[in-house]
Amino acid sequence: KQWYQRRVAITAGIDDALKSDGIVPSAKKGYKLNDITSAISDAFRVTKINYWCRSVTYKGRKVQLILEIWVCLNRSSFSAQDCPSRPSGLPEAYTACSDTVDVYILPKSVLDANEGL
């Protein structure tokens, strides 16, 4: 129960950290991965966050969609800690986001309308 509660709090914390830095879900505006990292790192006092993206072509441009943002937790204290580079057992579709291409965080309404992106 405590693990789940902390996970929900982390998710809300990521949303709050991004929003406070002006990073909001949008199908029209991409962001630099460094800006996203800075917002989350400042909020959780960690330096290594895992991002998983999917590269797509959108209106003739190559862009990345963020599939997941991971802030890792310590198993005993449930506090945020730096994440390992790449955990084992991830699907092949999960690739690390590149910091050379803008990333998009799609709003839930877009994701719901385009299930299976």
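**Group meeting talk: one predicted chain**

Among the elements of the protein chain, helix α3 (residues 108-113) has the lowest mean pLDDT, at 60, while helix α2 (residues 33-44) has the highest, at 92. The term pLDDT is the predictor's confidence in each residue, on a scale from 0 to 100. Over the protein chain the mean pLDDT is 81, and 83% of the residues reach 70 or more.

Some ground rules. This is a predicted model, where local features need pLDDT of at least 70 and side-chain atom pairs count only at pLDDT 80 or more, while totals for chains, interfaces and linings use all residues. Residues are numbered from 1 along each chain as its sequence is written, and side-chain values use heavy atoms, with hydrogens and water left out.

Now the layout. The protein chain has 3 helices and 6 strands. Helices (H or I, at least four residues) and strands (E, at least two) are DSSP runs, numbered from the N terminus. Along the sequence the pattern reads α-α-β-β-β-β-β-β-α.

Next, the surface. The accessible surface of the protein chain is about 7700 Å², and 50% of that belongs to carbon and sulfur atoms. Such areas come from the Shrake-Rupley method with a 1.4 Å probe; for residues, only the protein chains shown count as cover. Of the 117 residues in the protein chain, 32% are buried. Buried means under 20% relative accessible area, exposed means over 50%, and partly exposed is in between (1.4 Å probe, protein chains only).

On to contacts, which means heavy atoms within 4.5 Å. Take the contacts in the protein chain with a separation of 6 or more: residues 24 or more positions apart account for 61% of them.

Which residues touch the most other members of the largest nonpolar core? They are L18, I36, I40, Y51 and I66, in a core of 20 residues. A nonpolar core is a set of buried Ala, Val, Leu, Ile, Met, Phe, Trp, Tyr and Cys residues joined through side-chain atoms within 4.5 Å. Helices α1 and α2 and strand β1 each supply at least two residues of this core. Helix α2 gives the most, with 5 residues. As for I36, leaving out residues up to four places away in sequence, I36 touches L18, I23, Y31, Y51, I66, V103 and I105.

Staying with helix α2, S41 is also placed there. S41 counts as buried because its relative accessibility is 15%. Apart from neighbours within four places in sequence, S41 is in contact with V46, T47 and I49. R45 has a positive phi of about 55 degrees, although R45 is not a glycine. Is R45 buried or exposed? Its relative accessible area is 75%, so R45 is exposed.

Now the aromatic residues. The structure holds 1 aromatic pair. The partners are W52 and W70, arranged edge-to-face, with 5.6 Å centre to centre and 70 degrees between the planes. For the cut-offs: rings of Phe, Tyr and Trp (its six-membered ring) pair if their centres lie within 6.5 Å, and planes under 30 degrees apart count as stacked, over 60 as edge-to-face and the rest as tilted. The pair links distant parts of the chain, with W52 in strand β1 (residues 50-58) and W70 in strand β2 (residues 61-70), 18 residues apart. W52 is buried, at 2% relative accessibility, whereas W70 is partly exposed, at 22%. W70 and I10 are 60 residues apart along the chain, and their C-alpha atoms are separated by 9.3 Å.

Strand β1 also holds S55. With a relative accessible area of 43%, S55 is partly exposed. Setting aside neighbours within four places in sequence, S55 is in contact with K62, V63 and Q64. The C-alpha atoms of S55 and V101 are separated by 9.4 Å, and these residues are 46 apart along the chain.

Last, charges. How many salt bridges does a search of the whole structure find? The search finds 1. A salt bridge is a side-chain nitrogen of Lys or Arg within 4 Å of a carboxyl oxygen of Asp or Glu. Here K32 pairs with D102, and the closest N and O atoms are 2.9 Å apart. K32 lies in the loop between α1 (2-20) and α2, and D102 in the loop between β5 (95-96) and β6 (103-104), so the pair ties together parts that are 70 residues apart in sequence. K32 is partly exposed, at 45% relative accessible area, and D102 is partly exposed at 25%.
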